[in-house]
Amino acid sequence: MSESSFVITREKTPEGLLLKLQGALNLQTAEKALSELSSLIKSGEKLSLDLGEVNYIDGQGVAVMIELKARCAARKAGFEIVRKSAVCEKMLGLINTDKLLPELPVYRRHEGFFEQIGRAT
């Protein structure tokens, strides 16, 4: 499987839906992945992600996880990551997502240094 391929397998559980992700979750696949994953969110159900077969993840992949968590919260659906591959463990561990994902808001752009200088002059 190449770094640009990505597959989602669905499995119904008593609590909701288990989604097994396989392949690369990166800049090339993030938009499609977020769209497909978001379409599966149902109010009152838990969305469980199995990342055990994800062989590559970059910053966009992490952003997908954060945005998906926010969308689940907005639709009053549960969210959890039930398994991570070694690459996911490493990448998600860099930003301590085990602690942050449940509380992390969707990224909002902040005024940059040069914008502050421009505004001040």
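Buried denotes under 20% relative accessible area, exposed over 50% and partly exposed the range in between (1.4 Å probe, protein chains only). The model is predicted, so that local features need pLDDT of at least 70 and side-chain atom pairs pLDDT 80 or more, whereas totals for chains, interfaces and linings use all residues. Residues are numbered from 1 along each chain as its sequence is written, and side-chain values use heavy atoms, without hydrogens or water.

View 1. Ser-85 lies in the loop between strand 4 (78-84) and helix 3; helices (H or I, at least four residues) and strands (E, at least two) are DSSP runs, numbered from the N terminus. Ser-85 counts as buried because its relative accessibility is 10%. Beyond residues up to four places away in sequence, Ser-85 touches Leu-51, Gly-52 and Val-54, contact being heavy atoms within 4.5 Å.

**View 2. The largest nonpolar core.** Such a core is a set of buried Ala, Val, Leu, Ile, Met, Phe, Trp, Tyr and Cys residues joined through side-chain atoms within 4.5 Å. Among its 27 residues, Leu-19, Leu-21, Leu-25, Leu-37, Leu-49, Leu-51 and Leu-68 touch the most other members. Elements giving two or more residues include strand 2 (16-25), strand 3 (46-57) and helix 2 (59-74). Helix 2 supplies the largest share, 6 residues.

**View 3. Contacts of Leu-25.** Apart from neighbours within four places in sequence, Leu-25 is in contact with Phe-6, Ala-33, Val-54, Tyr-56, Ile-57, Asp-58, Gly-61 and Met-65.
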